[in-house]
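Please look over the sequence and the model before reading on.

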Amino acid sequence: MADHVELRTGTYLDSVTLMQVSRTVAAAPGVEAAQVAMATELNLEVIRGMGFAVPDSAPNDLVVAIRGDEAGIAAGQAALESALTQSRSAAGASTGFGEPPTARTLGGAIRLSGADLALVSVPGEHAVTEALDAVRAGVSVMVFSDNVPVEDEVRLKDAAAAADVLVMGPDCGTAVVGGVALGFANVVRPGSVGLVAASGTGAQQVMCLLDAAGVGISHCLGVGGRDLSSAVAARSTKQALAALAADPDTTSVVVVSKPPAPEVLADLEAYAAGLGKPVHWATLGAGRPDLTAAVESVLTAVGADAPVWPTWEAAGDRSATTSSGSLRGLFCGGTLADEAMLVAGEVLGDIKSNTPLRPELALGHDLRDPGHVVIDFGDDTMTRGRAHPMIDPSLRLDRITVEAADPTCGVLLLDLVLGHGAHADPAPELAAAVRAARETAAASGRELPVVVSVTGTTSDPQGLDRSAQALVDAGADVLLSNAAATRRALQLLGHDGTAPERATGDTAYALVAGTATDVGAEPLHGLLAADVTVAAAGVSLFADALRAQAVSVTEASWQPPMAGTAADLGRVLAAPRRDAANAEALRRMTAAGADLVDVRPAHEVLGLERGTFLHAGPPIEFARASGPLKGALIGAMLFEGLADTAEEAEATLEKGDGITLEPCHHRDAVGPMAGVISPSMWVYELRDEVHDNTSWCSLNEGLGKVLRYGAYGPEVIDRLRWMNSVLGPILQQAVRARVEQQGSIDVKAITAQMLQMGDEGHNRNRAGSLMLLRELLPTMITADASSADIAEAVRFSGANEHFFLNLGMPACKLSTLAAHGIPGSSVVTTMARNGTDFGIRVSGTGDAWFTGPANTPEGLFLGSYGPDDANPDIGDSAITETAGIGGFAMAAAPAIVKFVGGDVPFALRATQTMYEITVGEHTAYQVPILEFRGTPTGIDVAAVARTGILPQINTGMAGRVAGTGQVGAGLVNPPEQCFTQALTALAAAVGEG
């Protein structure tokens, strides 16, 4: 046998999906053992416990471990790829041509669907981020996720109260809203009893007992296991009580909880007394009724009879006891475990646990003790990166095997929870484990009694009677009441397991009634009266359970954020001024004007002295410059007369004497590709009168061997000199005459029109160039120049399909410049590349650059050029994407795919995907095929880090070797580092603020 172990980065699937994948791989022929899981500490412990050697990894890595012969490993790998492909297809499928891709976040799913209820089951460290999406959208949310810090829970619930929505959770396992079961929930009859539950399986136990007694529920509003703690102080419980008090379909309410903080319960009882509806208390604790007794009290209060609770007893003589042994309770439900400890502890005394009733009773890391033990396998520490044991019971099944071989184990006490969201058929696996355990004990001369509490109803999909009978056939006693099951286990240990007399409605914990307070006519935006639709992020099993109930569900194709960003992301997303700052940034970007007002030499308007050169991208020294940038600088040296040969120019640039290199952006200018602007070059001057800003860009040289692509041959220098002596002066006269006669040329308006005519504003500018020429031609032909020069200028401009690009770029610069410098804003205001580094600047972090290695575009090549000839990404032209056009508007120009690669559906998906990482939509730039939806505008650093979606850029490709020129065109994304660095700086600014 051999082991195959590998790590896969950038591959995330939820724990339930990976459980299913693992089973598929393990079932492949020739595979002896297999595990596919995220590299959390618990999962690594399990995998290493299987004997696999796992290399160093991070929690977001996927671990693949397969053991078998050579053919078995190959079969396992094939099964793995098939299962992963199927999972990805199901998660990311689009419903048809032109349909938007699946949303990556809960907020995106809510926007797409208009859902009025949300469900979050992502890993706990990311749950608040998703839940806040719902709160900000005015949608109540159930947070199934556990491992959420309590301070984050308080922050989330305070935000929810302000928005009049309910946060059910974190660590909320069960909810029923308007008959729709979320998370783990049994199929119970409708009725008039409402539940507020700081307990998942506790709520299920109460609902199932009520159902068995013929009493139905109106709603069950889970609030999370910590809501009645001192730290959270019943924030959601009070909201839920108020909502049920205002609900006409609810006549009485039951509060279900694990042991609450005494002062919180006292305050809650006083609050409930003013609601005007009977409130009953099923709150566990020392000296309090168990859940079954509390339900019996409710039944008495509502005028129903408490039945004899169902019991399925194993055949055979069970009068003998094993009083020398210990109780071993192995539970999937945390509240059921607590109840068992409370009931059994009154008789047995101290019980050790991983969730002890007192801190000193905590089990060690190995969870072993020769005395009485109760383990909650659903505790937060047991579910990091793993499916809940009600879905994947493997850890508990393994522990049953261990207990069977332990002579100190006297009785096994187990639970089995049925219903939506749980394992599709858990009884056979549990029955097999029970049978094997009893056989193991018998082989050593021991009898091992097993008692199981089953939480379920006759309508549950797994079948209550069928499940119970499977366990009975394996030798277990099965009871519907968890408290009764615990007392049965005590009897089998030789103790008095007699239940107390049935509680009545007169108990101190059964009813508090008073005068109604003003709880509002329709709290929670009318949620309890709505036919709910759901948006979900996380475990697909829960969405499937909703679909099985004929509920409309929209799932987010959720992925973890970029590695190492969770803490920074949490701080930035929680920053109180961020939303308003980003809204202001978007407002300024879309309001910015862009009027062509002049054409002038660069030394006049940019203050460039001899030997000073502007370049594209973030700052860089000549020694690190790419081939195209070096070539362009060499050409500029020759053009300016600072060198007679290319060799002399390069030597001078290397020495740096009398040479200054500076980014175009530092002077509010932009340059395509290499972006070099020298003092003698002519530049367009654009104004934004709304924000009193000015931007500049060089004139476009056309395609082929040009300076901006790093070419510097004689034809390049000759063209630049002609542009300097002929084209620049003619354009200056034309623009000035146009301004004098009719006013400035509205470049923003041209951009809006060209998007509706098939251009995207970066690599396709045909319509824009023709519209610009239409504006300039009347005054160009009247310029004070020879007819030959005018004709050549007109021909050059008209033949250049990218003529408009050099006006579109400064127009976009004005848009982003207007949004720059807003404290708290996470909107990107610059994306630029110098052929070596890709850099961004962000509104809320001032003029700091955040850089990473520029990626090489992928696309189509000219002539015989290929990938090895292409230089990494270069140019300031990504300012177009920064402002919401270019790659962000590909859907407006599907013909662009012929130039950059891809297909028409890709162009549509590209634009639709960019909405996931932008603050909003442009008010002027619209996409006809998307029903004139505004282009996605305002790249949000936090959204990029959160979704892992990188901005899509359309670009030309320069040759790697200086002097080559253009080699192709394609698509490229920025490196992640730019956004993770910016996010860290934004988080630091939040802390300073």
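The sections below go from the whole chain to single residues.

## Basis of the model

This is a predicted model, in which local features need pLDDT of at least 70 and side-chain atom pairs count only at pLDDT 80 or more, while totals for chains, interfaces and linings use all residues. Residues are numbered from 1 along each chain as its sequence is written, and side-chain values use heavy atoms, with hydrogens and water left out.

## The whole protein

The protein holds 31 helices and 37 strands. Both are DSSP runs, numbered from the N terminus: helices are H or I with at least four residues, strands are E with at least two. The C-alpha trace spans about 115 × 70 × 45 Å along its principal axes.

Of the 993 residues, 61% are buried. Buried means under 20% relative accessible area, exposed means over 50%, and partly exposed lies in between (1.4 Å probe, protein chains only).

Contacts are heavy atoms within 4.5 Å. Among contacts with a separation of 6 or more, 75% are between residues 24 or more positions apart. The protein has 65 positive and 114 negative charges, and their mean positions are 2 Å apart. Lys and Arg count as positive, Asp and Glu as negative; His and the chain ends are not counted. Each charge is placed at NZ of Lys, CZ of Arg, CG of Asp or CD of Glu.

## A four-stranded antiparallel sheet

Strands S31, S30, S29 and S33 form an open sheet in the order S31-S30-S29-S33, with antiparallel pairing. Strand S31 (850-853) and strand S33 (874-875) stand at the edges; each has a single partner strand, so one side of each lacks a neighbour in the sheet. Two strands pair if DSSP finds at least two bridges between them.

Strand S29 covers residues 828-834, and seven of its seven residues are buried. Five bridges join S29 to S30. One of the facing pairs is alanine 832 with glycine 839 in S30. The two strands form a hairpin with two residues between them. Glycine 835 sits in that turn, with a positive phi of about 90 degrees.

Strand S30 (residues 837-842) meets S31 through four bridges. There, aspartate 837 has proline 853 of S31 as its bridge partner. S29 and S33 pair over two bridges, again antiparallel. Asparagine 834 stands opposite isoleucine 874 in S33.

Serine 843 lies in the loop between S30 and S31. Is serine 843 buried or exposed? Serine 843 is buried, with a relative accessible area of 1%. Leaving out residues up to four places away in sequence, serine 843 touches Ala819, His820, Gly821, Ile822, Ser825, Val827 and Thr829.

## A five-stranded mixed sheet

Another open sheet has five strands in the order S25-S27-S26-S22-S28. Its pairing is mixed. Strand S25 (669-670) and strand S28 (745-746) stand at the edges; each has a single partner strand, so one side of each is left without a neighbour in the sheet.

Strand S22 (residues 595-601) and strand S26 (residues 682-688) run antiparallel, joined by six bridges. Aspartate 595 stands opposite arginine 687 in S26.

## Helix H23 and its cap

Helix H23 spans residues 747-755 and is mostly covered, with seven of its nine residues buried. The buried ones are Val747, Lys748, Ile750, Thr751, Ala752, Met754 and Leu755. Aspartate 746 caps the N-terminal end of H23. A side-chain oxygen of aspartate 746 lies 3.1 Å from the backbone nitrogen of lysine 748.

## Backbone details

The peptide bond from glycine 169 to proline 170 is cis, with omega near 0 degrees. Proline 170 is in the loop between strand S6 (167-168) and strand S7 (174-177).

Which phi values are positive in a residue other than glycine? Histidine 525 has phi near 55 degrees. Histidine 525 lies in the loop between helix H15 (482-492) and strand S20 (534-537). Aspartate 668 has phi near 60 degrees. Aspartate 668 is in the loop between strand S24 (660-663) and S25. Aspartate 668 is partly exposed, with a relative accessible area of 27%.

Conventions:
A polar contact is a pair of N or O atoms within 3.5 Å; within protein, one must be able to donate a hydrogen and the other to accept it, and residues adjacent in sequence count only if both atoms are side-chain atoms.
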